[in-house]
Amino acid sequence: MLILNGKFITFEGPEGSGKTSVITAIQSFLENEGYDIMVTREPGGIKIAEEIRNIILNKDNIEMDAHAEALLFAAARSQHFSEKIAPALQENTIILCDRFIDSSLAYQGHARGLGIDEVYAINKFAIGNHLPQLTIFIDVPPSVGLQRVFSNTRKVDRLDLETLAFHEKVYEGYKLLIDMFPERIKTIDGTQKVEEVTQDAINTINKIL
């Protein structure tokens, strides 16, 4: 049984929700407060998982089966957790992770129609019962988020190019997860200014520190 002394905080939201900007600002704030912070992302965070990320998000891989997609995300997550997240938690580090298991449950479980429980089972095999202590859901309507994606300089990936109907299903999936895990997942209005979203997130994080 791993003894994990740190804090594991994840950030979720539709495409274009502004997670990256918010995480960067929170990292700066918490480091100034004297906390040991590690920022990472999914899929990715370490070499093997980044290589899997390139396969998953490659715009040319349009033939990818939904089951294969879910398994690839779980494989990347397993390596990421065992190699990077668990060791950092053992060292009393606060981890800020851009996406984690809830993305798989919303995207592949609900939007792809594989089933939230079925995708959850795959991920329990990958990472055991290790869920974040806190998940911040940055709530942005899919149409607004996608408009942001295609109007900024961020590289557009395979999932960005899915239909609006698909992204609306993802959003619906997140709402189901918020009802399933109300103690863990906290919602913040992502249509506010970045500074306001960041402050709301900091106020929420302070409750578990």
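This is a predicted model: local features need pLDDT of at least 70, side-chain atom pairs count only at pLDDT 80 or more; totals for chains, interfaces and linings use all residues.
**View 1**
Helix α4 spans residues 101-111 and includes Asp 102. The relative accessible area of Asp 102 is 1%, and because the cut-off for buried is under 20%, this residue counts as buried. Apart from neighbours within four places in sequence, the residues in contact with Asp 102 are Glu 12, Thr 135, Tyr 174, Leu 177, Arg 184 and Ile 185.

**View 2. Crossing of helices α1 and α8.**
Helix α1 covers residues 19-32 and helix α8 covers residues 194-206. Their axes come within 9 Å and cross at roughly 55°, so the two helices are oblique to each other. The crossing of α1 with α8 is right-handed. On the α1 side the contact involves Ser 21, Val 22, Ala 25, Ile 26 and Phe 29; on the α8 side it involves Val 194, Val 197, Thr 198, Ala 201, Ile 202 and Ile 205. Sorted by class, this contact has 9 nonpolar and 2 polar residues, and no charged ones.

**View 3. Crossing of helices α6 and α7.**
Helix α6 runs over residues 142-151 and helix α7 over residues 164-180. The axes of α6 and α7 cross at roughly 120° and come within 9 Å; the pair is therefore oblique. Helix α6 passes α7 in a right-handed crossing. Pro 142, Ser 143 and Leu 146 of α6 make the contact with Leu 164, His 167, Glu 168 and Tyr 171 of α7. By class, the residues in the contact of α6 with α7 are 4 nonpolar, 2 polar and 1 charged.

Technical notes. Residues are numbered from 1 along each chain as its sequence is written. Side-chain values use heavy atoms; hydrogens and water are left out. Helices (H or I, at least four residues) and strands (E, at least two) are DSSP runs, numbered from the N terminus. Buried means under 20% relative accessible area, exposed over 50%, partly exposed in between (1.4 Å probe, protein chains only). Contact means heavy atoms within 4.5 Å. Axes are lines fitted to C-alpha atoms, for helices over the stretch in contact, and angles run from 0 to 180 degrees between N-to-C directions. Angles under 35 degrees count as roughly parallel, over 145 as roughly antiparallel, 65 to 115 as roughly perpendicular and the rest as oblique. A crossing is left-handed if the near helix is turned anticlockwise from the far one by less than a right angle, and right-handed if clockwise. Ala, Val, Leu, Ile, Met, Phe, Trp, Tyr, Cys and Pro count as nonpolar, Asp, Glu, Lys and Arg as charged, and the others, Gly among them, as polar.
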